[in-house]
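Me: Could you walk me through this one? I'd like to go over the fold, the packing and the charged pairs.

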Amino acid sequence: MSDKEKGRAKAEQVKGKVKETAGRAVGNERLTAEGHAEKTKGNARQAKEKIKDTFKE
């Protein structure tokens with residue numbers, strides 16, 4: 001996985017987790033959903049890059 005994409009995926013995961021936690025803490029369902037979606041997007045990006053790495057080797 002390229003370092004740039006790896007960092008991008010991790011950043012999305014962390015940012016999503018923070019948003020999700022903050023949304024739950026204040027009772028904001030929209031923020032919680034946005035955070036969950038962003039975290040899921042980061043997970044998907046990371047999985048895609050891992051698959052690409054597998055086929056490169």
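Predicted model: local features only at pLDDT ≥ 70, side-chain atom pairs only at ≥ 80, totals over all residues.

Me: Which residue does Glu34 meet in a salt bridge?

Reply: The pair links distant parts of the chain, with the partners 15 residues apart: Glu34 sits in helix H2 and Lys19 in helix H1. Helices here (H or I, at least four residues) and strands (E, at least two) are DSSP runs, numbered from the N terminus. The N to O distance is 3.8 Å, and the partner of Glu34 is Lys19.

Me: Is Lys19 buried or exposed, or partly exposed?

Reply: Buried means under 20% relative accessible area, exposed over 50%, and partly exposed in between (1.4 Å probe, protein chains only). Glu34, with 30%, is partly exposed. Lys19 has 23% relative accessibility, so it counts as partly exposed.

Me: How many salt bridges does the count come to?

Reply: One of them joins the side chains of Glu5 and Arg8 at 3.4 Å, N to O. Those two both lie in helix H1, three residues apart, about one turn of the helix. Glu5 is buried at 16% relative accessible area, whereas Arg8 is partly exposed at 42%. By the rule above, the count comes to twelve.

Me: Which residues are linked with Glu5 and Arg8 in a network of salt bridges?

Reply: An α-helix has 3.6 residues a turn, so residues three or four places apart point the same way. Besides Glu5 and Arg8, the network takes in Glu12, Lys41 and Arg45.

Me: What is the relative accessible area of Glu49?

Reply: The side chains of Glu49 and Lys48 meet in a salt bridge at 3.8 Å, N to O. Lys48 is partly exposed, at 41%. Glu49 is buried, and its relative accessible area is 3%.

Me: Which helix do the buried residues of H2 pack against?

Reply: H2 covers residues 29-56, and its buried residues are Thr32, Gly35, Glu38, Gly42, Arg45, Glu49 and Asp53. Thr32, for one, is in contact (heavy atoms within 4.5 Å) with Lys19, Glu20, Gly23 and Arg24, leaving aside neighbours within four places in sequence. The helix that the buried residues of H2 pack against is H1 (3-26).

Me: Where does the side chain of Thr32 reach at 3.2 Å?

Reply: Thr32 lies in helix H2, and it counts as buried at 15% relative accessibility. Its side chain reaches, at 3.2 Å, the backbone nitrogen of Arg24.

Me: How far does H2 reach from its first C-alpha to its last?

Reply: H2 has 28 residues, and 40 Å is expected at 1.5 Å a residue. That expected span is 1.5 Å times one less than the number of residues. The reach in the model is close to it, at 41 Å.

Methods
Residues numbered from 1 in each chain as written. Heavy atoms only, no water. Polar contact = N/O pair within 3.5 Å; in protein donor to acceptor, adjacent residues only side chain to side chain. Salt bridge = Lys/Arg side-chain N within 4 Å of Asp/Glu carboxyl O.
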